[in-house]
Amino acid sequence: MKIVALIPVWLILCMGMLAGCVAGPDFKRPAAPEVAGYSVAPLPAQTVSSAGALGQAQRFMPGAKTPTSWWRQFESPKLDALIEQALQASPSLEAANATLRQARQTYEARAGATLHPQMNARLGAQRLGTNTAASGQSGGERVFDLYNASVDVSYNLDLSGGNRRTLEALAAQADYQGFQREGARLTVAANVATAAMAQAQLISRIEATEAILAAQSEQLDITRARLNLGAASGHDFFTWQTQVEQTRALIPPLHSSLAQITHLLAVLAGQPPGAGTMPQFALADFNLATDLPVSVPSELVRQRPDIRASEALLHAASAQYGLSVSKLYPQISLSANLGSQAITLASLFGPGSLVWGLAGQLAQPLFQGGLRAESRAAEAGFDAAAANYRQTVLQALRNVADVLSALDYDARTLAAQAAAHASALESLRLVEQQYGLGAVSYLALLTARQQAEQTRLSLITAQTQRLSDTVALYQAMGGGWLHDEGTAATGEPL
């Protein structure tokens, strides 16, 4: 009771008036987009279909959830294994995980320092020499030992909520790093899938181009023989030779691109490019997902990691603004110490050695013009974060709109290319029959084969594009990460 009586009445009154106050506005999650769709034109129920591989119609499923392991929808065990390896060994994901742990531990460290009283134990010994002449007395120098032991307690009452706003900002930063990690996981998986499909495309293009080169080389040999017999002109020979060399020049860049994409797959999987353990993909390794999830815009803002990360930055900016406002209010701190002091170690805890202290302090800024400017700067920072959030949402909506449009139109492109390739194959079949009957020359047969391979090149590009469009849709929908377990620094689900 004696200690309580030492606390000034004015301090108790201030504590009562300010208790529970938190400076600045509380954060409110931005409203979801009010639009119902992603474009002016309504989304079709499904894409067109076409004959042949990867030509199935894809149905759009409004409101369906994106699978967490969405890459399994392509039914490629090699792709599944490579993505799982990348998610385990990617250095970029290791860095994202470490950054998230750092943010969470920073929050925990600050929470422990601000939410609870700080207590320190002290034990000391010193040898002192004094001279009574300084006080006008005779007696000369006196030397003695002094021992002390004490426990100090201090606590900031945080009545204006500055510490709580600081923790709120740190928690939001930890949330941001969590969403960044999920975005990194989604990016790694999508990059591996896209690179694997690009590798399959390049391998198929090399095969088709080499087949075209073989047909053209045969035509060149026949033209050379006819030139020697006088049945063809030099112009015919050099025209074919130019075409052969132009086609031959297309092959090294394809091999270069194939090597680069293989090196990329290795790095994405956390291996050096020279490891030599990367699988090779063919278009036949992939099946096309036929049911595609499409979330409405109001759900998309809760599913995309980039939008949630931008929202976390907005939350952090709101808390920083509250922190700057709290500095304008009184700051109250309490401290106390209890200990023992004696000139001999044996009497340190004996009768008459007790020492203690109790202090309270209130600090109110009076003439600090910089605090007002700091508050206005924090408010401007919040406005900037709000604008960046709106821009992130708009970009996400545009991304989804672009992907949905690509899925529709690229399916139409594949249908046309498949029809062209089927027509070229039928033409080749007829020419082969005529050649067998002696009705057409071998040159006509080679020309038909070359035309079929040319249409195959275009077909390969269209097939790969449909696969890539599907990957892009899963990525645009957020990759299903929301179904994974995870918590923010505050213990709330990510």
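The following questions and answers concern a predicted model.

Reader: What are the ground rules for numbering and for the values?
Author: Residues are numbered from 1 along each chain as its sequence is written, and side-chain values use heavy atoms, with hydrogens and water left out. This is a predicted model, in which local features need pLDDT of at least 70 and side-chain atom pairs count only at pLDDT 80 or more, while totals for chains, interfaces and linings use all residues.

Reader: How many salt bridges does a search of the whole structure find?
Author: A salt bridge is a side-chain nitrogen of Lys or Arg within 4 Å of a carboxyl oxygen of Asp or Glu. Side chains of opposite charge can pair when their charged atoms come close. Searching the whole structure gives a count of 18.

Reader: Is D80, which meets R72 in a salt bridge, buried or exposed?
Author: The N to O distance between the side chains of D80 and R72 is 3.5 Å. Buried means under 20% relative accessible area, exposed over 50%, and partly exposed in between (1.4 Å probe, protein chains only). R72 has a relative accessible area of 40% and is partly exposed. D80 has 13% relative accessibility, so D80 counts as buried.

Reader: Which residue forms a salt bridge with R412?
Author: The closest N and O atoms of this pair are 3.5 Å apart. Both residues lie in helix α9 (residues 369-436), and because they are four residues apart, about one helical turn separates R412 and D408. The partner is D408.

Reader: In which helix do E426 and R429 lie?
Author: Helices (H or I, at least four residues) and strands (E, at least two) are DSSP runs, numbered from the N terminus. The side chains of E426 and R429 meet in a salt bridge with an N to O distance of 2.4 Å. E426 is partly exposed at 36%, and R429 is partly exposed at 37%. The two are three residues apart, about one turn, in helix α9.

Reader: How do α4 and α5 run relative to one another, roughly parallel or roughly antiparallel?
Author: Axes are lines fitted to C-alpha atoms, for helices over the stretch in contact, with angles from 0 to 180 degrees between N-to-C directions. The axes of α4 (residues 91-114) and α5 (residues 162-228) come within 9 Å and cross at roughly 165°. Angles under 35 degrees count as roughly parallel, over 145 as roughly antiparallel, 65 to 115 as roughly perpendicular and the rest as oblique. Therefore α4 is, relative to α5, roughly antiparallel.

Reader: Where is L54, a residue other than glycine with a positive phi?
Author: Phi of L54 is near 60°. L54 has a relative accessible area of 6% and is buried. Its place is the loop between α2 (9-18) and β1 (59-62).

Reader: What is the relative accessible area of E75?
Author: E75 also has a positive phi, near 55°, and is not a glycine. Its place is the loop between β1 and α3 (77-89). E75 counts as exposed, with a relative accessible area of 52%.

Reader: Which strand gives the largest share of the nonpolar patch?
Author: The patch is made by L338, L354, W356 and L358 and covers about 430 Å². W356 is found in strand β6 and is partly exposed at 49%. Three residues of the patch come from the strand with the largest share, β6 (residues 354-363).

Terms used
Patch = residues over 30% accessible without salt bridge, like charges linked within 9 Å, V, L, I, M, F, W, Y side chains within 5 Å. Areas by Shrake-Rupley, 256 points an atom, 1.4 Å probe, with all protein chains shown as cover.
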